[in-house]
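Try each task yourself before you read the worked solution.

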Amino acid sequence: MSEAAAVEVENLTKVFRLGVMRSAFVAVRDLSLRVQPGEVYGLIGPNGSGKSTTMKVILGLLEPDQGTSRIFGSSSLRVESRREVGFLPENPYFYKHLTGRETLHFYGRLCGLRGSELREREQEMLALTRLEDAAERRVAGYSKGMLQRLGLAQALIHQPRLVVLDEPTAGVDPEGSRMIRDLILSFKERGLTVLVTSHLLEQMQEVCDRVGIMARGRMVKEGPLEELIAVENQTEMVLENATPELLAEVRVAVARHAGASIVRSGHPRTTLERLFLENTVENTAAASSEPHEE
Amino acid sequence: MRGKKLAVLLLLGFGLLKLPMERAVSARLNQAELLSPFASLELRENLDQTAFAAVLGGLRSLVASVTYMRAYIAFEDGFWAEVDRLYALTTRLQPRNVAYWDEAAWQMAFNAASHYLHDKGTREYTRGALYQQYIDRGIEILREGLRYNPDSPRLWGALGDIYARRKREPLPAAEAYLKAEADGGPAYYQRLAAYQLLQAPDRESWVKAYELLRATYDAGKKFPSVIDGLHELERRLKIPPDQRIPEKASEKKAPSVGPMAP
Amino acid sequence: MKNKAPAPQPARGGHLSRILTLAGATVTQLLRMRILVFLLVVCVLMVAFGFGFPVSSPEQKLKLLKDATFGTLQIFSLVLAVAATALLLPRDVEDRTLYTILSKPVPRVDYLLGKYLGVIFLIGAGLIILDVVLSGLVYFQQQALLQGTEAMLRSEGAPEDEILQQLAQVQRVGLTWSMHAATWAIFLKAAVVTALALLISSFASSTLFTMVSTFLVCVLGQGQELIREYLFHGSFSVTMEKVVALLLAIALPDLRLFDIVDNVIAGQSVTWGAMASITGAALLYVVGYLVVAQVVFSEKEL
């Protein structure tokens with residue numbers, strides 16, 4: 001694998017000219033970001049902050065007004081740069097007259113796959129996204145979650161090294177959403193690079209190695225997730241089966257140190273998502289009961 | 001933005017390049033009579049109709065068929081002004097279709113004219129005027145059709161018919177029949193021309209008629225009407241007996257009535 | 001996860017194969033939109049129209065049948081050229097399907113050509129089927145008319161040469177090779193209109209806009225000869241109208257060049273030279289408009 005960054009955006013500025021008067025709107029201003037191979041990078045920000053525009057520039061769908069974008073060292077403006085990218089747009093639509101399998105076949109062929117190799121990849125992707133049962137159905141009858149999974153399947157059909165996901169869980173029910181989260185985690189295990197945007201910050205927190213926060217077209221904060229969210233002067237500890245006596249001892253011990261204090265204590269809660277999954281999905285093996293401290 | 005400017009420049013450049021090509025191809029196809037001319041373009045009489053015909057494109061023929069059928073229905077109902085209007089539209093749409101001109105003229109000069117001649121609801125004086133008016137309209141239609149199809153035997157033949165059978169003017173009738181035959185029409189136009197010339201008052205016409213009928217006779221077409229005509233002309237022109245055809249020719253079995261009307 | 005470690009993808013798949021893939025998807029999509037059913041219904045209606053009306057002469061009877069059938073061919077090809085193109089490309093943008101396609105290693109020119117060929121292929125295949133069916137109908141009708149005319153003339157005792165002449169006249173307006181040449185001209189016209197629709201949809205953002213503008217352009221394209229006439233035979237003064245007319249004459253194709261069908265129906269025969277002229281003109285238009293479409297589309301912001 002080359003040493004080049006998976007994604008390298010430098011000083012990107014993108015201006016849209018709107019309406020008859022061609023009034024300028026700066027969607028992205030002097031933005032730089034770097035995604036290392038094997039990393040899961042989360043790009044977050046409010047609506048209209050320039051996330052999607054940045055992604056489109058990276059994918060070569062838009063041309064930057066200033067600055068450059070590269071994928072594994074190759075300029076985004078070149079078609080070749082897209083050989084190793086899989087893209088899942090927000091709320092993807094496909095040709096609704098094609099079946100799920102035909103859709104994958106179509107995208108596979110566009111990527112240069114042929115014959116038995118393509119058929120194997122189709123099958124593999126259908127299995128991966130759990131669409132095997134719906135493979136012969138027309139896409140017009142797919143639910144939002146199924147469309148999203150089909151979107152993922154087409155993004156991965158040609159075994160890309162970089163996967164770009166735009167709001168992958170938007171409008172998807174918790175089960176589907178969790179499945180997509182698990183898939184992203186599995187990409188990380190396999191060494192794929194992932195660039196993802198999402199509004200579900202909790203999920204982003206679960207999967208991302210690094211995040212960039214955008215606002216009004218600028219990058220306002222960027223870095224490894226753990227560093228960004230750590231509260232440096234606080235420490236948390238979760239105890240199991242602690243007796244009231246033990247807790248009293250801990251309090252006394254803390255009180256002995258000047259300047260240290262207990263900010264809060266109580267019973268940790270599970271998330272609503274987990275609760276939902278535990279009660280709606282029969283096979284909850286995947287949903288472990290690890291509690292999260294509030 | 002660069003691309004948009006380039007696109008406009010390309011379109012202009014390409015457009016200037018294609019203009020002479022279009023004129024050349026258009027001229028070539030017009031010459032081969034593969035494109036329909038705009039009937040009223042020269043007349044400049046009705047831009048609406050021209051534009052309508054233009055917009056129809058290749059569907060002109062189909063629309064002409066529809067207006068033709070409407071004209072036919074109007075004919076069945078006896079609405080003559082409507083028949084004329086619809087046939088005019090039909091011929092405008094397809095000026096090269098001689099069948100339309102032929103039929104339009106026939107409707108006016110024969111059907112409409114006869115209708116008014118026998119129309120009990122119209123005063124006698126007006127009847128005669130309308131009769132003549134519609135016959136003249138038929139001739140007018142054919143003359144216009146002949147502008148687009150100057151060598152059409154069918155239209156010349158139809159013109160001959162109107163002069164012969166409606167106007168009773170043998171000379172223009174004979175002239176039209178002869179033109180029809182000369183332009184590749186059926187041989188019987190020659191005979192029809194001869195019969196018309198036979199009815200003319202002048203000797204010069206009789207000579208011409210005699211030549212025509214004699215040629216027909218010598219070609220083996222010894223129809224009774226040819227023989228009768230020849231006998232009549234031999235008498236009028238005082239042809240020496242040794243040059244006359246036999247009095248009781250051993251005629252070939254032929255129909256008593258030749259195809260007088262096409 | 002049964003996947004092996006990801007490996008860099010070799011550069012595979014040529015332009016042609018991608019273009020054909022896109023064309024194939026376009027054809028599938030259009031076929032499944034019940035285009036053929038629509039086609040069949042129109043066909044049956046038109047033929048019923050062609051057969052169903054009483055007309056005065058055998059010639060007119062044949063003409064009506066041919067008018068109806070060629071009318072079907074033209075309407076089918078033009079509606080498909082405009083509607084299919086307008087439905088496909090702007091909808092890909094609206095539905096963002098284009099994102100998933102162009103984020104694959106697919107050059108935009110491949111996408112454009114793929115869509116174009118898909119529509120053209122379907123129009124071509126449809127026209128071939130219609131041409132075969134309708135030729136059969138015309139032949140059937142023509143034979144019936146020939147027999148009827150001959151029987152009638154013989155009963156009237158018309159001479160042999162005149163019978164032959166009359167029959168030749170019916171045959172002239174019957175089934176001829178030139179009819180297929182006319183079908184080819186209809187196809188070429190549809191190919192030009194499709195290229196135009198593609199050009200318009202490369203900068204338009206909605207299906208409706210593309211359809212309406214393409215139809216408008218077609219109407220003006222039909223009147224190109226009138227526009228040229230106005231430009232070159234009028235006075236030489238420069239007026240606003242003249243400038244507009246010049247721009248129209250430059251930008252739009254002369255679609256009337258392909259309207260040979262009228263005269264073919266009337267019995268005119270098409271020479272190889274005429275065929276070559278029309279084909280050359282169509283080729284020039286298609287290449288010209290597709291190049292411009294690609295220039296616009298290549299920098300379209302998605």
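**Exercise 1. A tyrosine and its surroundings**

Leaving aside its neighbours within four places in sequence, which residues is Tyr285(C) in contact with? Keep in mind as you look that this is a predicted model.

Solution. Start with the partners in chain B: Tyr285(C) is in contact with Phe14(B), Lys18(B), Met21(B) and Glu22(B). Then turn to chain C, where Val192(C), Pro253(C), Asp254(C), Leu257(C) and Phe258(C) complete the list.

**Exercise 2. The nonpolar cores**

Find the members of the largest nonpolar core that touch the most other members.

Solution. This core holds 161 residues, and the ones to pick out are Phe106(A), Ile101(C), Tyr111(C) and Tyr285(C). Next, see which helix gives the most to this core: it is α7 of chain C, residues 177-203, with 16 residues. Finally, look apart from it for another core, of 67 residues, which includes Leu56(B), Ala71(B), Tyr188(B) and Leu230(B).

**Exercise 3. Following a helix in chain B**

Check whether the length of helix α1 of chain B agrees with what its residue count leads you to expect.

Solution. Step one: the helix covers residues 2-31, which is 30 residues. Step two: at 1.5 Å a residue, α1(B) should span 44 Å. Step three: the end C-alpha atoms of α1(B) are 43 Å apart, which agrees.

α1(B) bends by about 30° at Lys18(B), and Pro20(B) follows within four residues. Just after the helix, Glu33(B) has a positive phi of about 55°.

Last, which residues of α1(B) are buried? They are Gly3(B), Ala7(B), Phe14(B), Gly15(B), Lys18(B), Leu19(B), Met21(B), Glu22(B), Val25(B), Ser26(B) and Leu29(B).

**Exercise 4. Buried or exposed?**

Decide whether Ser202(C) is buried or exposed, and name its contacts.

Solution. First locate Ser202(C): it is found in helix α7 of chain C. Its relative accessibility is 1%, so Ser202(C) counts as buried, the cut-off being under 20%. Leaving aside neighbours within four places in sequence, Ser202(C) is in contact with Ala293(C), Val296(C), Phe297(C) and Lys300(C).

Cys111(A) has 5% relative accessibility, so it counts as buried. Cys208(A) has 6% and therefore counts as buried. How many disulfides are there over all chains? The count is zero.

**Exercise 5. Two chains side by side**

Solution. Take the values for each chain in turn.

| Feature | Chain B | Chain C |
|---|---|---|
| Helices | 11 | 12 |
| Residues | 262 | 302 |
| Buried residues | 51% | 57% |
| Accessible surface | about 13,000 Å² | about 12,100 Å² |
| Carbon and sulfur share of that surface | 56% | 73% |

Key: Residues are numbered from 1 along each chain as its sequence is written. Chains are lettered from A and ligands numbered from 1 in the order in which they are written. This is a predicted model: local features need pLDDT of at least 70, side-chain atom pairs count only at pLDDT 80 or more; totals for chains, interfaces and linings use all residues. Side-chain values use heavy atoms; hydrogens and water are left out. Helices (H or I, at least four residues) and strands (E, at least two) are DSSP runs, numbered from the N terminus. The expected span of a helix is 1.5 Å times one less than its number of residues. The bend at a residue is the angle between axes fitted to the seven residues ending there and the seven starting there. Buried means under 20% relative accessible area, exposed over 50%, partly exposed in between (1.4 Å probe, protein chains only). A nonpolar core is a set of buried Ala, Val, Leu, Ile, Met, Phe, Trp, Tyr and Cys residues joined through side-chain atoms within 4.5 Å. Contact means heavy atoms within 4.5 Å. A disulfide is a pair of cysteine sulfur atoms within 2.5 Å. Accessible areas come from the Shrake-Rupley method with a 1.4 Å probe; for residues, only the protein chains shown count as cover.
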